[in-house]
Structures are given as structure tokens and as C-alpha cells.
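Biologist: I am new to this one. Please take a close look at a single topic, the salt bridges, and walk me through it step by step.

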Amino acid sequence: MTIRKFGLVTVLVAVLSAAACAATRTQQAAGEVIDDSVITTKIKASLVDDPTTKARQIDVKTFRGVVQLSGFVDTTAAKSRAAELALQTKGVTRVDNNLEVRSTDTSVGTTIDDAVLSTKVKAALIANPVTKARQIDVETLKGVVQLSGFVDSAKEKDEATEVAKSVTGVKDVHNELEVKQPAS
């Protein structure tokens, strides 16, 4: 009887462990997170190695093989090349190229102002009970805020826009957030 109970407990622990590692609609299983991290790292390395792209201008996020490129780049060639590099990466199922082509030449004062705005927007997102700030990247160029990343719901996406718009000094908000899609 003791051996039978031990076997039952072992099976129960194994089943519960497997369930704990399973993915939900908006959260990934451990293996998915690792795969997405590898994809993101490979793309970032490709961007660094490529003479057309300036990797520091490009944010890369991956969720279940879907890659999101965001940020402000200097040329359409850089925008196109970043998407090409991402698509060539093993494991990528789709690339959403949300890069915006804008002159990134700014004065030191404007760069500092943009950094302060990004910080204020991020702080407002943290303070908001609907938005999960860790899921949202904030980039600012000349007072224009770009939000990117993967969020759990359309409500969270919309709320992030409203929060960013409410920050004093923000001229415009470009919301490139994507709602996480369930695993297929």
C-alpha cells in the first residue's frame, strides 16, 4: 500500500509540474520564452553586424515567434533591412515592422527632454492599475512617444495611449502595441 501511495504521489507531482509550465492565452510556457529570447538575441546580433542598421535605434520584441521591430531610424533602407534580417532568422513566423523613419539628429537638450518624457511616461504606466509597464517599451523622439511591445488586452493597449497622452510635454503618441494572440 505504501509503494502504491508513493507512485500516486509521484504521478500527481509530475502532472501538476507539467500544468504549471503550460502556456496560457497571454503567458508563455518556459520553452516558448527561451525560444523567443534566442530569436530576439539573434536578430539584435544581426542588426549590430549589418552596416545599414544602427542597432541602438531598433527595439526588438518577440512573442511566440512574432517579432516586433520598433523605434526611430534614419532611413527607409535601415527600416527595410531590419525587417529582412528579422525574417531571415530561424523561428520567426511574422515580422511587424513598426520602425518610423525620422531624422534622429537632435540637440543634446532635445535628447535630454526626450529621455525625461520617456521616464515620465514609463512612471505613469507603472502607476496605472490597468497597464503592465514591464510589457511596454517607450521611445521618444522630439516629443513624439512610441509605445511598443505585447500586451494582454485591447483595453490595456488603449489605456496605455491615454496614459502617455496625459503626460505633460508629449506632442503625439504612436501606439504600436500588439495584443498577445493565443497559441495555435
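Modeller: Lys-180 is buried, at a relative accessible area of 9%. Buried means under 20% relative accessible area, exposed means over 50%, and partly exposed lies in between, using a 1.4 Å probe and protein chains only. This is a predicted model, so local features need pLDDT of at least 70 and side-chain atom pairs count only at pLDDT 80 or more, while totals for chains, interfaces and linings use all residues. Residues are numbered from 1 along each chain as its sequence is written, and side-chain values use heavy atoms, with hydrogens and water left out.

Now the partner. Lys-180 forms a salt bridge with Asp-152, and their closest N and O atoms are 3.2 Å apart. A salt bridge is a side-chain nitrogen of Lys or Arg within 4 Å of a carboxyl oxygen of Asp or Glu. This pair links distant parts of the chain, 28 residues apart. Lys-180 sits in the segment after strand E7 (178-179). Asp-152 sits in the loop between strand E5 (144-151) and helix H5 (154-165). Helices (H or I, at least four residues) and strands (E, at least two) are DSSP runs, numbered from the N terminus. Asp-152 is buried too, with a relative accessible area of 12%.

Within it, the side chains of Arg-81 and Asp-50 meet at 2.8 Å, N to O. Arg-81 belongs to helix H3 (residues 76-87), and Asp-50 to the loop between helix H2 (30-49) and strand E1 (58-63), so the pair ties together parts 31 residues apart in sequence. Arg-81 counts as partly exposed, at 23% relative accessibility. Asp-50 counts as buried, at 10%.

Stay with H3 for a moment. Its buried residues are Ala-78, Ala-82, Ala-83, Leu-85 and Ala-86. They cover an arc of only 160° around the axis, which puts them on the same side of H3. That arc is taken from the directions from the helix axis to the C-beta atoms. The face turned away from this buried side carries the exposed residues Thr-76 and Leu-87.

One more pair. Glu-100 and Arg-102 meet through their side chains in a salt bridge of 3.8 Å, N to O. Glu-100 counts as buried, at 12% relative accessibility. Arg-102 counts as partly exposed, at 28%. Across the whole structure, the search finds 9 salt bridges.
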